[in-house]
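User: I would like to learn how to read a few features in a structure. Can you take me through them one at a time?

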Amino acid sequence: MTTQLPPAPRPAAPRTAVGTAPVFGGTSLLAQIRILTGRSLRAMVTDPGIVLFGLIQPVVILFVLTQVFSKMGMPPHFPEGVSYLDYVLPAILVDNAAQSAMQSGVGLVEDQKNGMVARLRSLPVHPGALPAARSLVGLVRATVQVLIIMVLAITVLGYSPNGGAAELALSAGLTVFISFSLGWAFIAAGAWLRRAEPLQNLALIVIFPLMFASSAYVPVADLPDWLAAVAAVNPLTYAIDASRALALDVPGLDHAIPSVLISAVIALVGMVAALRGFRRPL
């Protein structure tokens with residue numbers, strides 16, 4: 001007579017409680033994001049060159065542009081009473097935000113190459129924990145870089161925008177939010193490409209032309225007609241104009257809401273694409 005064994009129990013689904021975050025392996029998703037974010041931040045603190053090297057390009061552009069073009073005649077549609085330093089600094093901050101966002105994608109690629117992702121997949125860790133941690137690290141890095149650039153501009157170059165301290169803080173906050181949203185786009189690209197070289201080439205191909213085909217360095221009205229048409233629909237133009245309007249108290253504040261909405265859509269699409277790319281087999 002054979003004894004019929006009871007069916008094997010099914011694996012338990014992640015435990016959740018009403019009003020609380022999902023739990024994976026005894027740890028909530030928020031706790032996993034916090035732990036992974038802390039790990040990456042500690043690595044960044046122990047290697048400050050990560051932040052400093054990220055500052056080289058925007059700081060060099062800041063000093064070169066302000067020293068060269070401030071001695072030249074301003075184009076016809078340049079705002080009255082605004083120095084070239086005051087005009088170009090918001091664009092430098094947005095450019096730095098894009099460069100910092102790219103580093104978020106590169107960081108995810110490095111985690112894939114050094115085996116961190118493979119180790120996490122063998123543990124009860126939510127797939128979105130590591131990309132979310134990388135986005136928060138990018139947020140911190142962008143904030144530090146924005147503060148350093150602004151301090152250098154104020155103390156060394158004499159940056160003195162017409163807007164008040166609150167408007168200047170809002171301008172910096174908008175720049176950091178743009179970096180956060182673009183960070184998700186590059187995290188998604190890193191999750192799908194899984195190589196740093198094509199990711200960096202993609203950033204160069206996309207960011208460099210968009211910065212020059214915008215209101216970053218001269219007003220849109222002073223660009224050639226075909227370039228002005230591109231700048232008129234360029235999302236970076238909205239971001240730069242909104243940041244500049246807040247800092248300098250000049251027209252362009254109506255671009256703030258479109259820039260926030262565009263950034264939010266980029267972040268949302270990037271989150272979905274990053275999670276799908278991250279779930280693919282290694």
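User: Where does the charged end of R244 sit?

Analyst: This is a predicted model. A charge counts as over a ring when the charged atom is within 6 Å of the ring centre and within 35 degrees of the ring normal. The charged end of R244 lies over the ring of Y87, 3.6 Å from its centre. R121 has such a placement too: its charged end is over the ring of F278, 5.5 Å from the centre.

User: Which residues join Y87 in a cluster of ring pairs?

Analyst: F78 and Y84 do; ring pairs link them with Y87.

User: How many aromatic pairs are there?

Analyst: A pair of aromatic rings is described by the distance of the centres and the angle of the planes. The count here is 5 aromatic pairs. One of these joins F212 and Y217, with 5.1 Å between centres and 45 degrees between planes, a tilted pair.

User: Is Y217 buried or exposed?

Analyst: Read the relative accessible area: under 20% is buried and over 50% is exposed. Y217 has 12%, so this residue is buried. F212 has 46% relative accessibility, so F212 is partly exposed.

User: What span should helix α10 have?

Analyst: Count 1.5 Å a residue, for one less than the number of residues. Helix α10 covers residues 256-278, which is 23 residues, so the span should be 33 Å. The end C-alpha atoms are 32 Å apart, which agrees.

User: Which residues of α10 are buried?

Analyst: They are A256, S259, S263, A267, G270, A274, G277 and F278. F278 is also the residue whose ring lies under the charged end of R121.

User: What do the buried residues of α10 pack against?

Analyst: Their partners are α3 (84-113), α4 (116-121), α5 (129-155), α6 (165-193) and α9 (235-248).

User: At what angle do α3 and α6 pack?

Analyst: The angle is about 35 degrees, and the axes are 7 Å apart. The crossing of α3 past α6 is right-handed.

User: Which residues of α3 and α6 meet?

Analyst: Contact means heavy atoms within 4.5 Å. On the α3 side, the residues include L93, A97, S104 and L108. On the α6 side, they include T175, L182, F186 and G190.

User: What does Q99 touch?

Analyst: Q99 belongs to helix α3. Leaving out residues up to four places away in sequence, Q99 touches Q57 and I207. The relative accessibility of Q99 is 18%, so Q99 counts as buried.

Conventions:
Residues are numbered from 1 along each chain as its sequence is written. This is a predicted model: local features need pLDDT of at least 70, side-chain atom pairs count only at pLDDT 80 or more; totals for chains, interfaces and linings use all residues. Side-chain values use heavy atoms; hydrogens and water are left out. Rings of Phe, Tyr and Trp (its six-membered ring) pair if their centres lie within 6.5 Å; planes under 30 degrees apart count as stacked, over 60 as edge-to-face and the rest as tilted. Buried means under 20% relative accessible area, exposed over 50%, partly exposed in between (1.4 Å probe, protein chains only). Helices (H or I, at least four residues) and strands (E, at least two) are DSSP runs, numbered from the N terminus. Axes are lines fitted to C-alpha atoms, for helices over the stretch in contact, and angles run from 0 to 180 degrees between N-to-C directions. A crossing is left-handed if the near helix is turned anticlockwise from the far one by less than a right angle, and right-handed if clockwise.
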